[in-house]
Amino acid sequence: MINIDKAKMAFKEYLKAYNVSDDKIKLKIIHTYGVVDATNYITSKLKLDEESCNLAKIIAILHDIGGFEQLKRYNDYHDSAEFNHGTFGCKVLFEEGLIRDFIEEDKYDYIIKKAIENHNKYKIEDGLDEKTELFAKIIRDADKLDNFRVKKVESMETLLNISEEQIGEEEISKEVYDEFLEHKLVDRKKCKNEIDEWISYMAFIYDLNFWPSYLFIKENDYVNSNFNRIFYTNIDTKEKIKILKADANRFIFEKLEENEKELN
């Protein structure tokens with residue numbers, strides 16, 4: 001039996017090793033609970049059984065467990081060859097045994113590990129069984145959904161170490177612009193500046209797996225609110241943003257139309 005309250009208490013205990021008053025740590029904590037909420041939204045809409053819903057919530061609580069150490073060491077959210085927060089989280093949980101503080105039974109260990117390992121990859125690894133892939137997809141969607149909330153409410157200084165005014169002056173690179181219009185998840189290695197990074201976040205909509213995720217984006221109007229957040233003083237960027245925003249809204253509309261039966 002999965003005990004969500006036990007997992008939440010273990011999470012609070014884990015956080016004692018970190019400076020919870022730091023803005024970036026605070027953001028990560030709030031994000032974790034936001035991902036739990038987004039997970040609950042997805043699993044309830046998909047009508048999964050109670051045990052599956054709770055397993056998905058456990059994964060949500062644990063998905064960024066390695067991100068706190070990343071911030072402590074580097075004061076940065078970005079993964080690198082030296083430190084990947086998904087990989088590090090699995091090391092702490094499964095090599096050092098922390099997982100047993102969160103869930104007593106080990107029958108779900110493989111699913112939890114693979115879901116965390118894959119939540120921040122460019123794409124899910126091949127060869128996963130159907131059930132494991134389901135939970136990997138759920139956490140990837142829930143993580144992206146709360147990321148839209150984060151991008152709407154947090155300061156640019158916290159997110160990208162730069163002001164909104166500075167981002168509005170930058171020009172979107174052709175490669176990132178083209179990938180967005182091709183409905184691809186933008187490879188962050190191709191980002192040349194902060195406006196490219198911002199566009200890469202908006203492109204998360206092209207890597208969602210479930211119809212409730214598209215509905216969540218629409219209900220919260222995240223496409224418009226996030227694109228409109230910045231005052232674009234770069235004329236070329238301003239024109240491109242209009243095109244990207246219209247294309248993204250059209251994509252969401254079409255995805256929901258495809259799933260009209262589930263919506264009614």
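The following legends describe close-up views of a predicted model.

**View 1. Packing of helix 8 against helix 13.**
Helix 8, formed by residues 130-153, packs on helix 13, residues 211-219, with an angle of about 5 degrees and the two axes 10 Å apart. Helix 8 is thus roughly parallel to helix 13, as angles under 35 degrees are counted in that class. On the helix 8 side the contact involves Asp141, Leu145 and Phe148, which meet Ser213, Phe216 and Ile217 of helix 13. Sorted by class, the residues at this contact are four nonpolar, one polar and one charged. Two of the contact residues, Phe148 and Phe216, also belong to an aromatic cluster, together with Tyr41, Trp198, Tyr201, Phe204 and Tyr222.

**View 2. Packing of helix 2 against helix 4.**
Helix 2 contributes Lys24, Ile25, Lys28, Ile29 and Thr32 to the contact, and helix 4 contributes Gly67, Phe68 and Leu71. By class, this contact comprises four nonpolar, two polar and two charged residues.

**View 3. The aromatic pair Tyr18 and Phe68.**
The model contains 16 aromatic pairs. In the pair shown here, the ring centres of Tyr18 and Phe68 are 6.0 Å apart and the ring planes meet at 40 degrees, so the arrangement is tilted. Tyr18 is buried at 11% relative accessibility, and Phe68 is buried with a relative accessible area of 0%.

**View 4. The aromatic pair Phe180 and Tyr206.**
The rings of Phe180 and Tyr206 have centres 5.0 Å apart and planes at 80 degrees, so this pair is edge-to-face. Phe180 belongs to helix 11 (residues 174-181) and Tyr206 to the loop between helix 12 (194-202) and helix 13, so the pair ties together parts 26 residues apart in sequence. Phe180 counts as buried, its relative accessibility being 0%, and Tyr206 is buried at 11%. Beyond its neighbours within four places in sequence, Phe180 is in contact with Ile199, Met202, Ala203, Tyr206, Phe227, Leu244, Asp247 and Ala248.

**View 5. The largest nonpolar core.**
This core has 87 residues, and those that touch the most other members are Leu62, Phe102, Ile112, Phe180, Trp198 and Phe227. Helix 2, residues 23-45, supplies the largest share of the core, with eight residues. Among the core members with the most contacts, Phe180 and Phe227 are also in contact with each other.

**View 6. Surroundings of Phe102 and Ala10.**
Phe102 is part of helix 6 and is buried, with 1% relative accessibility. Not counting residues up to four places away in sequence, Phe102 touches Asn3, Lys6, Ala7, Ala10, Phe11, Ile58, Ile61, Leu62, Ile65 and Leu93. Ala10, one of these partners, lies in helix 1 and is likewise buried, at 13% relative accessibility. With the same exclusion of residues up to four places away, Ala10 touches Asp101 and Phe102. The C-alpha atoms of Ala10 and Ile61 are 9.8 Å apart, and these residues are separated by 51 positions in sequence. The corresponding C-alpha distance from Phe102 to Asn193 is 39 Å, across 91 residues of sequence.

Of the 10 residues of helix 7 (residues 109-118), eight are buried, so the helix is largely enclosed by the rest of the structure. The buried residues are Asp109, Ile111, Ile112, Lys114, Ala115, Ile116, Glu117 and Asn118. Their cover includes helix 3 (50-62), helix 5 (85-95), helix 6 (99-102) and helix 8.

**View 7. Lys240 in helix 15.**
Lys240 is located in helix 15, residues 235-258. The residue is buried because its relative accessible area is 16%, under the limit of 20%. Leaving out residues up to four places away in sequence, Lys240 touches Ile172 and Tyr177.

Key. Residues are numbered from 1 along each chain as its sequence is written. This is a predicted model: local features need pLDDT of at least 70, side-chain atom pairs count only at pLDDT 80 or more; totals for chains, interfaces and linings use all residues. Side-chain values use heavy atoms; hydrogens and water are left out. Axes are lines fitted to C-alpha atoms, for helices over the stretch in contact, and angles run from 0 to 180 degrees between N-to-C directions. Helices (H or I, at least four residues) and strands (E, at least two) are DSSP runs, numbered from the N terminus. Angles under 35 degrees count as roughly parallel, over 145 as roughly antiparallel, 65 to 115 as roughly perpendicular and the rest as oblique. Contact means heavy atoms within 4.5 Å. Ala, Val, Leu, Ile, Met, Phe, Trp, Tyr, Cys and Pro count as nonpolar, Asp, Glu, Lys and Arg as charged, and the others, Gly among them, as polar. Buried means under 20% relative accessible area, exposed over 50%, partly exposed in between (1.4 Å probe, protein chains only). A nonpolar core is a set of buried Ala, Val, Leu, Ile, Met, Phe, Trp, Tyr and Cys residues joined through side-chain atoms within 4.5 Å. Rings of Phe, Tyr and Trp (its six-membered ring) pair if their centres lie within 6.5 Å; planes under 30 degrees apart count as stacked, over 60 as edge-to-face and the rest as tilted.
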